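Colleague: I would like to learn how to read contacts and surroundings in a model. Could we go through one together?

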Amino acid sequence: MAVTNGSAHVLYRQSGAVGVITINNPPVNALAKDVRISIAELIDLAQTDKLIKAIVICGAGRNFCGGADIREFNTPNRAVRPMTRHLMNLVEESDKPVVAAIHGPTLGGGLELAMGCHYRIVDSEAKLGLPEVHRGVVPGAGGTQRLPRLVGFQKGLEMITSGTPVDAATALEIGLVDRIVTDADLVARAIAYASKLVEQNVVPRRTSEIEIDLNLKEGEAVVAEVRARLEKSARGMEAPFRCLESVANTLTMSFRDGWAREAEISEEAVASDESRSLVHSFFAERQTSKIPDIPADIPRRKIEKVAILGAGTMGGGIAMSFANAGMDVTVIEASQENLDKGLARIEGNYDVTRKRGRLTDEEMAARMACISGSVDMAAVSEADLVIEAVFEEMEVKKSVFTELDRLAKDGAILATNTSTLDVDAIAAITKRPEDVLGLHFFSPANVMTLLEVVRAEKTSKDIIATVLDLSKKLGKTGVVVGVCDGFVGNRMLAPYFRQCDFLVEEGALPQDVDRVIETFGFRMGPFRVYDLAGLDISWAIEKRRAETRPAEERFSPLLGRICDLGRYGQKTGAGWYKYEDGRTAVPDPLIETMLTERSAEMGINRRDISDEEILQRCIYSLINEGAKILEEDLAIRASDIDVIWQHGYGFPRWRGGPMFYADTVGLAEVVKTLDHFHAEWGDKWEPTALLRELADSGSSFKEWDKGRTG
Ligand code: NAI
């Protein structure tokens, strides 16, 4: 068997009459510039080689081809010819049949390359899809034109607008691939398949020449239906609609014209804020585990046994997170009655999921089997990690940590899930403050993917690294934060909610604020969040905080007045809104009356507040507080704050997070508006020194981050 080196990243060999092109560009065989050039050269070479009758393209390592190289986005290399979209055509134009041998995740440009081939043979474990929409872009290498031709218009449109991949069996069923290989050498089978095509004189079957399966009228009906769905699920976004437009072009345009238009649509998408924000979000998540003063290879502590103190709302949810990851966990309660209640609640939660068909009986049993209960605090003595989730009272926490210090084994990690208390003070109760940190889970803890890892003054480096690894195992994104009231997320939430309260006192209605925030991209506006979380809970926290906060930082008494009416939110059928069917928020004239009275009482003439002002006051209050947090060194990077807001508070991922959004608007512009607010409403709005400095020097949070971690 002759072996020829194509290049460092693409290998070439001949097997009988088949030329085998192997993409060998670890880690994911991305279509970087050199890879594209080599594949094109090898396809060319095969055309003139008389001994070669067919071609197989396959990938070395763990997948066929990972698609466009995300690191080339926004760099000149992306435009070096052949660009990915030309490459697929060059492959398709081959006069000799080309077979793609597909294994592993084959997404985006990887699948577009496979569709440029004439035949496709796939490993049974492969995943195939066009997830570009998740990065704010459009499949731009012929994907929107080829997929609907291969799998049918409707299926293609759904796959491209949702970005959801299919498994190998489905790919075969919908006509995306021709053969599945199970438990066999995929490349050998692909070569045999290609040889057979040669024997049978099979000619290239070019995807671009396949007719679309629907006529114009049928196709337009499908487009209208999908558009209506996207208008609800992808409100405010552009990429899903760009995908829709490009796929719809297959109904009216030739392949060539549709392909040319796809390139234009794709270029617009690549240059959009949405795409830049999503690429930022992708890298921001990968940064969170890099801590400047903690070496990546610092030895970790082992975590096999986990104990949780308290089986309430949080303790139960945290226990479920561990059980979902297949880890054993012991839940410890103060009394048998509370323990039984806690375990029953966990079982009830799993049962809801089971009844919805998202968990089998066996899976539920396996998860419940991971969770054991105890009423004896001594049960912590075996644990490598103890997470305290008891009542939010310093005295209770202190007594629990005194006990923990006595009972836990040496080297155990002692974590508190406190949401507001001083972790340094909790650590100081023990004789081993270096083993103590905060693990701030978000409610519901079994669902929410954010974990604030609170690094206290004396917390040792190795336990930070250990819990960051653990967070991944739990399917969560751990972000390191410093000790302050509310840590990063809830601290920023306070000025945001304060603005919401001011806005309704000055003239806006809850539904106005919610509409603006939801149009911006949050799944829920602040007043609907209030109602869902329970006004009684917010009011209790507020009353406690009011004892220590200056008057100007206190929330409006309206919250208390609404609670006095027994309106605690959705759970009582009314709060800021009415919930006549128990679920749908309906504006309530009574609230408007209460707001009017409140404004009069404060001597405020209610006015029309523009959507722009509502948005700026809400989002810029987050940005300014975020900048203060960076100044105080309580978060490592601006991008960490973005991750916190996306994973913990529903900030739209496609806007990149509050700090990246500030960069998108331009920091000079943000500061100008803050200066204006400052002049109007006083000190609370004064731009922080960091924000002003970055704005004055024409810099951005992204630049500032580079200085922090390179
Ligand atoms: P919860 O009141 O639902 O649960 C607390 C549980 O701890 C109760 O079941 C109680 O019986 C048990 N407990 C009290 N003292 C104990 C002791 N000495 N030993 C064993 N168990 C004991 O409260 P929740 O909401 O679960 O909050 C727990 C902690 O999590 C608090 O520190 C809270 O601030 C924090 N947190 C709460 C969030 C939430 O949304 N509820 C979010 C993030 C953190």
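Predicted model: local features only at pLDDT ≥ 70, side-chain atom pairs only at ≥ 80, totals over all residues.

Colleague: Which residues does P292 touch, not counting residues up to four places away in sequence?

Modeller: Contact means heavy atoms within 4.5 Å. By that rule P292 touches I636, R708 and T709. Residues are numbered from 1 along each chain as its sequence is written, and side-chain values use heavy atoms, leaving out hydrogens and water.

Colleague: Is P292 buried or exposed?

Modeller: Buried means under 20% relative accessible area, exposed over 50%, and partly exposed in between, with a 1.4 Å probe and protein chains only. P292 has 52% relative accessibility, so P292 counts as exposed.

Colleague: Which residues come nearest to the ligand?

Modeller: A residue is near a molecule if one of its heavy atoms lies within 4 Å of it. There are 20 residues around the ligand, and M314, E333, E392, K397 and S419 come nearest.

Colleague: How far is an oxygen atom of the ligand from a polar backbone atom of M314?

Modeller: The distance is 2.7 Å. For the side chain of N417, an N or O atom is 2.9 Å from a ligand oxygen. The ligand taken alone exposes 840 Å², of which the protein buries 77%; such areas come from the Shrake-Rupley method with a 1.4 Å probe, and for residues only the protein chains shown count as cover.

Terms used:
Polar contact = N/O pair within 3.5 Å; in protein donor to acceptor, adjacent residues only side chain to side chain.
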